[in-house]
Amino acid sequence: MNDKMTRREALKGLIYAGMGLAVGSQVLHGASPEARAAGLPEPAPWKEAPEGSKIDSRTWDKMGETLGMLGLGCMRLPTLSGGGGGYGRRQPLDQNAVNAMVDYAIAHGVNYFDTAPAYGESEVVTGKALSRHPRSSYKIATKISNMNGRATLEAGKQMFETSLKNLQVDYVDFLLLHNLQNLSGYNSRFRDNGLFDWLLEQKKKGRIKHLGFSFHGSNDELPKLVELYDWDFVQIQLNYVDWKEMSAGWGGSSGTTSSEYLYNYLVGKGIPVLVMEPVKGGALASVSEGIAGVMKERHPDLTPAANALTFVGSLPGVMVTLSGMSNMDQLKENVSLFTDFKPFDDKEHAFMLTVADLYKSKGQIPCTACAYCMPCPAGVNIPGNFKVFNSASDALLATDTSKKDVVAKRKAFLKLYKEQEEGTRADACISCNACLPKCPQHISIPQHMQRIRDLAAKI
């Protein structure tokens with residue numbers, strides 16, 4: 001793939017070459033075939049940031065803040081069971097592991113920490129970890145997560161006061177109206193009950209330094225919300241796969257959404273952009289071997305996750321790139337990436353959009369494992385089933401099922417599917433639709449569960 005190739009030509013060439021061929025050499029993978037067959041880890045292409053070094057930062061005159069380019073998203077913190085990830089936040093968190101991550105982050109210049117009442121124990125555990133450091137060394141962002149029938153004034157007030165208590169602070173640096181999708185949702189949750197006016201009073205008192213919202217709607221809904229107030233910042237989902245168009249159904253059936261539009265609109269209004277899901281809940285860190293090989297050939301010093309984060313961090317209007325890190329290794333890699341950060345130029349930006357075409361051609365379900373859909377009334381592990389499907393989606397949707405690699409992937413899918421605990425697999429879905437209004441990605445969950453169940457039965 002040279003710089004003169006168009007995205008269409010590049011995509012065509014890669015498909016003709018065969019996705020498996022992109023990872024067949026030692027040059028691309030580093031480890032020997034014997035080591036790979038034995039399941040040994042490959043040598044990391046990155047080196048840990050030197051002790052005493054700091055990540056790059058940007059100063060935002062609108063708020064009078066200097067913020068590290070990387071922020072620690074506290075939704076997927078490590079659990080006592082040793083896991084992490086989206087639905088791991090429902091499990092008890094590992095306070096000692098979180099303390100160590102916070103210590104390392106602050107020591108290397110990370111000063112933005114994002115949490116929410118909706119993230120289970122996150123506020124409490126994050127507050128304990130941060131309170132061990134000088135208040136001036138970190139910025140706390142939390143949210144008013146008054147969804148699911150909790151949209152009264154008193155409930156909103158109590159949520160804010162509880163957040164301050166959990167975080168062990170007397171003010172919040174960044175407060176977000178959580179998960180706004182449209183004007184009617186804002187009115188019912190914040191305007192009609194008087195909660196937004198109360199939040200403005202708290203801002204005047206200094207208990208809220210900066211006020212913004214996280215957006216999960218369509219292109220045509222964002223301007224309506226932006227015009228309501230002189231927002232200090234807005235948080236959007238942005239990654240290279242969603243740049244041109246997000247998954248069907250995002251923001252409701254009446255409109256389309258793209259990270260590109262949302263980003264350009266906010267930058268045009270002079271509003272700093274806070275980015276969530278730069279790696280789509282980890283999905284872009286565990287892409288297929290073929291896609292990983294394509295990126296490695298172009299950027300041998302970057303992992304798939306680093307490619308995704310660099311795409312976002314290279315955009316000048318991005319205030320902070322949030323990464324929901326679940327362990328120290330992820331934190332160290334991301335800190336290393338944002339120390340002496342090397343942004344992508346226009347050619348590299350275009351290359352990543354070609355990678356996005358490859359990713360979408362695999363038919364991935366756009367689940368970010370946020371687990372807002374959980375718990376399922378029928379006991380289905382929704383994010384777990386989607387992860388199993390995505391691990392082999394290209395083979396599951398292939399028209400020619402006789403190819404050796406397709407057969408192998410389909411068998412691997414079936415093995416992973418059956419390894420899930422009985423009663424949590426897709427075949428337990430009763431299509432009650434309780435999950436549908438909870439999914440910020442607007443995924444047709446019951447429909448996908450039926451497809452996964454049918455594919456498993458067919459194989």
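Contact here means that heavy atoms lie within 4.5 Å. Helices (H or I, at least four residues) and strands (E, at least two) are DSSP runs, numbered from the N terminus. The model is predicted, so local features need pLDDT of at least 70 and side-chain atom pairs count only at pLDDT 80 or more, while totals for chains, interfaces and linings use all residues. Residues are numbered from 1 along each chain as its sequence is written, and side-chain values use heavy atoms, with hydrogens and water left out.

**Figure 1. Overview of the chain.** The chain has 18 helices and ten strands. Buried residues (under 20% relative accessible area, with exposed over 50% and partly exposed in between; 1.4 Å probe, protein chains only) make up 55% of the 459 residues in the chain. Of the contacts between residues at least 6 apart in sequence, 75% join residues at least 24 apart.

Figure 2. Gly-206, which follows helix 8, has a positive phi, near 85°.

**Figure 3. Strand 10 and its parallel partners.** All six of the six residues of strand 10 (residues 318–323) are buried, so this strand is largely enclosed by the rest of the structure. Two strands pair if DSSP finds at least two bridges between them. Strand 3 (residues 70–73) runs parallel to strand 10 and is joined to it by three bridges, with Leu-322 of strand 10 as the bridge partner of Gly-71. Strand 9 (residues 273–276) also pairs with strand 10 in the parallel sense, over three bridges. In that pairing, Val-275 has Thr-321 of strand 10 as its bridge partner.

**Figure 4. The two covered faces of strand 3.** Leu-70 and Leu-72 lie on one side of strand 3 and Gly-71 and Gly-73 on the other, and all are buried. Strand 3 pairs with strand 4 (residues 112–114) in the parallel sense over two bridges. Asp-114 in strand 4 stands opposite Gly-73.

**Figure 5. Helix 5 and its crossing with helix 6.** Two packed helices are described by the angle between their axes and the distance between the axes. The axes of helix 5 (residues 122–130) and helix 6 come within 7 Å and cross at roughly 40°. That angle makes helix 5 oblique to helix 6. The contact is made by Glu-123, Val-124 and Gly-127 of helix 5 together with Ser-163, Asn-166 and Leu-167 of helix 6. Axes are lines fitted to C-alpha atoms, for helices over the stretch in contact, and angles run from 0 to 180 degrees between N-to-C directions. Angles under 35 degrees count as roughly parallel, over 145 as roughly antiparallel, 65 to 115 as roughly perpendicular and the rest as oblique. Helix 5 is mostly covered, with seven of its nine residues buried. The cover of these buried residues includes helix 4 (95–107), strand 4, strand 5 and helix 6.

Figure 6. Glu-277 is placed in the loop between strand 9 and helix 11 (289–298), and at 13% relative accessibility it counts as buried. Neighbours within four places in sequence aside, Glu-277 is in contact with Arg-76, Gln-237, Leu-238, Asn-239 and Thr-368. Pro-343 lies in the loop between helix 13 (328–338) and helix 14 (346–361). With the same exclusion of neighbours within four places, Pro-343 is in contact with Thr-310 and Ser-314.

**Figure 7. Cys-367 and Cys-373.** A search of the whole structure finds zero disulfides, a disulfide being a pair of cysteine sulfur atoms within 2.5 Å. The cysteine sulfur closest to that of Cys-367 is in Cys-373, at 6.4 Å, too far for a bond. Cys-367 counts as buried at 18% relative accessibility, as does Cys-373 at 8%.
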